[in-house]
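User: I'm new to this one and would like a walk through it. Could you show it to me before we start?
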Amino acid sequence: MVKETGNINKSLFTLGKVIKALSDKKTKVPYIPYRDSKLTMLLMDSLGGTSKALMVACVSPSSAYFDETLSTLNYATRTMNIKNKPVIQME
């Protein structure tokens, strides 16, 4: 259970690094760490490719969860700044 939790946290941390690298408009990052976790490898086409992605952010109005809600909203805002050009392929 502890190892699985660690792997999930590592994947989410790597996803955050990928989103930050893709959404940073001022500096073009030469390396995007897609291969650092299985999650980001699976989402590679959706995040930085030619398709659209949707992120659902679950937040709470309770003041007890203020820090988590703020962190989630910051994460979602960075995700909104990723600009992809969707391509429709006709076969």
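Predicted model: local features only at pLDDT ≥ 70, side-chain atom pairs only at ≥ 80, totals over all residues.

User: Okay, how many helices and strands does the protein chain have?
Analyst: The protein chain has four helices and zero strands, so read from the N terminus the order of elements is α-α-α-α. Helices here are DSSP runs of H or I with at least four residues, strands are runs of E with at least two, and both are numbered from the N terminus.

User: What box do the C-alpha atoms fill?
Analyst: Taken along the principal axes, the C-alpha atoms of the protein chain fill a box of roughly 50 × 30 × 30 Å.

User: And what share of the residues is buried?
Analyst: Of the 91 residues in the protein chain, 20% are buried, where buried means under 20% relative accessible area, exposed means over 50%, and partly exposed is in between (1.4 Å probe, protein chains only). The protein chain exposes about 7600 Å², and carbon and sulfur atoms supply 61% of that area; accessible areas come from the Shrake-Rupley method with a 1.4 Å probe, and for residues only the protein chains shown count as cover.

User: Which residues make up the largest nonpolar core?
Analyst: The largest nonpolar core has seven residues, namely Leu-15, Val-18, Ile-19, Tyr-34, Leu-47, Tyr-75 and Ile-82. Helix 1 (residues 2–23) gives the most to this core, with three residues. A nonpolar core is a set of buried Ala, Val, Leu, Ile, Met, Phe, Trp, Tyr and Cys residues joined through side-chain atoms within 4.5 Å.

User: What does Tyr-75 touch?
Analyst: Leaving aside neighbours within four places in sequence, Tyr-75 is in contact (heavy atoms within 4.5 Å) with Leu-12, Leu-15, Gly-16, Ile-19 and Met-55.

User: And Thr-79, is that one buried or exposed?
Analyst: Thr-79 is buried, because its relative accessible area is 18%. This residue lies in helix 4 (residues 66–80), and, not counting residues up to four places away in sequence, Thr-79 touches Ile-19 and Met-55.

User: Switching to charges, how many positive and negative side chains are there?
Analyst: The protein chain has 13 positive and 7 negative side chains, and the centres of the two sets lie 8 Å apart. Lys and Arg count as positive and Asp and Glu as negative, while His and the chain ends are not counted; each charge is placed at NZ of Lys, CZ of Arg, CG of Asp or CD of Glu.

User: How many salt bridges does the structure hold?
Analyst: The structure holds one salt bridge, meaning a side-chain nitrogen of Lys or Arg within 4 Å of a carboxyl oxygen of Asp or Glu. Asp-36 forms a salt bridge with Lys-17, and their closest N and O atoms are 4.0 Å apart. Asp-36 lies in the loop between helix 1 and helix 2 (38–42) and Lys-17 in helix 1, so the pair ties together parts that are 19 residues apart in sequence.

User: How accessible are Asp-36 and Lys-17?
Analyst: Asp-36 counts as partly exposed at 30% relative accessibility, and Lys-17 also counts as partly exposed, at 36%.

User: Where is Asp-45, and is it buried or exposed?
Analyst: Asp-45 is in helix 3 and is exposed, with a relative accessible area of 57%. Not counting residues up to four places away in sequence, Asp-45 touches Thr-50 and Ser-51.

User: Last one, where does Ser-60 sit?
Analyst: Ser-60 has its place in the loop between helix 3 (44–48) and helix 4, and Ser-60 is partly exposed, with a relative accessible area of 25%. Ser-60 touches Tyr-65 and Thr-69, not counting residues up to four places away in sequence, whereas Ser-60 and Asp-24 are 27 Å apart in space, C-alpha to C-alpha, and 36 residues apart in sequence.

Conventions:
Residues numbered from 1 in each chain as written. Heavy atoms only, no water.
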